[in-house]
Amino acid sequence: MSDQQWMAAALALSERGRGLTAPNPHVGCVIVKDGEAVGEGWTQRGGRPHAEAVALEQAGERARGATAYVTLEPCAHASERGPACAPLLAEAGIARLVAAVGDPDPRTDGRGFDLLRAAGIEVVSGVCAEEAERMLAGFITRHRLGRPHVTLKLAMSIDGKIALPSGQSRWITGPEARADAHIHRAFADMILVGRGTYEADDPALNVRAEGLEDRSPHRALLTRGEAPDGWVRIASPEAIAALTDVNELLVEGGARAAAAFLAADLVDRLLVYRAPIVIGEGKGAVGDIGLHLLGEAHGRWECVDSRALGIDRRDVYERRRRGRES
């Protein structure tokens, strides 16, 4: 197998920790010797142990002279919670390290690669970098922009409505689309809705996908008032910068909350579910975002995935930012 194929395996492993490791990144690691995987690991719940430590423990002495494929540069900074991974890999006798992306955490940020090179280990980086940056978007955004990565979910009719004029919205999309939305909930560290959605729907915001019920994120309410027990109060979209233990924030509703985050340019990803129905007069998916010129709307979003889910369609758009800010 090629470096890209082994890295793809490491990326798949990393997904097992997604939504469970914040503020740490969810990392995957595969240790390969003589064309065989001798150790596999991913970041465990709560952020420890790290993927490399899990894979090294599984590999044991077989790690000596092997290649380690890691989705993120091994950490090099000291922590009270456990050992740094770059020294662990060096001590285990790894001969070669292949990484997808560097660690933007200023406590490491290249030091992990430098430590391994100083130990005589060959270091290759940038393998499957685009895929890894997408998977680690929450961790990377938090370090580059000082806030969580924000996904806005919209479930709407073909003509962009989320409810009838009466407010009835269950169900616009079919069971396959709703099941997919619950999987994306499991990937998030926190789900946010606006006051209107909370009062109209009293949403549970839990994960109801089979096998993932224990991965329901924290709940947040966008409000200038008080938040109910069990909810985190977010006074404004900009206030998410204070959420230092959240990598991935999922905004689910309603139209005013969606508009507030879009107007503040704090949405990094759009998760759009469209049902093959036309509602006509009804409640729009997004309120006023302060757009005055149509030209300002173009060039902001790029479709990176599109697929059918039963009779519905799911499109994923990423915010295009200068210099790959997130």
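**View 1. The largest pocket holds about 1300 Å³ of space.** The model shown in every view is predicted. Lining this pocket are 48 residues, and those closest to its centre are T197, D201, E252, G253 and G254. Several elements give two or more residues to the lining: the strands β6, β7 (161-163), β8, β11 and β13 (283-284), and the helices α7, α8 (195-201) and α9 (255-263). The largest share comes from α7, with seven residues. Sorted by class, the lining has 25 nonpolar residues, twelve polar and eleven charged.

**View 2. The second largest pocket holds about 800 Å³ of space.** Its lining is made of 30 residues. R134, R269, V304, V316 and E318 are the closest to the centre. Two or more lining residues come from each of α5 (129-135), β6, α7, β14 and β15. Helix α5 gives the most, with five residues. The class count is 20 charged, six nonpolar and four polar residues.

**View 3. Eight strands form an open, mixed sheet.** The strand order is β10-β9-β8-β11-β6-β12-β15-β14. At the edges are β10 (231-234) and β14 (301-309), each of which pairs on one side only. Neighbouring strands are turned against each other by 25° on average, direction ignored. Helix α7 (residues 175-187) packs on this sheet. The helix touches β6 (149-157), β8, β11 (248-253), β12 (269-275), β14 and β15 (312-319). The direction of α7 makes about 165° with that of β12.

**View 4. Strands β8 and β9 run parallel.** Five bridges join β8 (residues 190-194) to β9 (residues 218-222). L192 has A220 as its bridge partner in β9. The partner of I191 in β9 is R219.

**View 5. Strand β8 is covered on both faces.** Five of its five residues are buried. M190, L192 and G194 lie on one side. I191 and V193 lie on the other.

View 6. Which residues of α9 are buried? They are A257, A258, A259, F261 and L262. Just after the helix, D265 takes a positive phi of about 55°.

**View 7. R18 sits in the loop between α1 (3-14) and β1 (28-33).** Is this arginine, R18, buried or exposed? R18 has a relative accessible area of 12%, so it counts as buried; the cut-off for buried is under 20%. Leaving aside neighbours within four places in sequence, R18 is in contact with H26, A186, F187, R215 and E248.

Technical notes:
Residues are numbered from 1 along each chain as its sequence is written. This is a predicted model: local features need pLDDT of at least 70, side-chain atom pairs count only at pLDDT 80 or more; totals for chains, interfaces and linings use all residues. Side-chain values use heavy atoms; hydrogens and water are left out. Two strands pair if DSSP finds at least two bridges between them. Helices (H or I, at least four residues) and strands (E, at least two) are DSSP runs, numbered from the N terminus. Axes are lines fitted to C-alpha atoms, for helices over the stretch in contact, and angles run from 0 to 180 degrees between N-to-C directions. Contact means heavy atoms within 4.5 Å. On a 1 Å grid over the protein atoms alone, a cavity is a set of points where a 1.4 Å probe fits but cannot get out, and a pocket is an open set with protein on both sides within 12 Å along at least five of seven lines; lining residues have an atom within 4 Å of a point. Grid points are joined across faces, edges and corners, and a volume is the space filled by probe spheres set on the points. Ala, Val, Leu, Ile, Met, Phe, Trp, Tyr, Cys and Pro count as nonpolar, Asp, Glu, Lys and Arg as charged, and the others, Gly among them, as polar. Buried means under 20% relative accessible area, exposed over 50%, partly exposed in between (1.4 Å probe, protein chains only).
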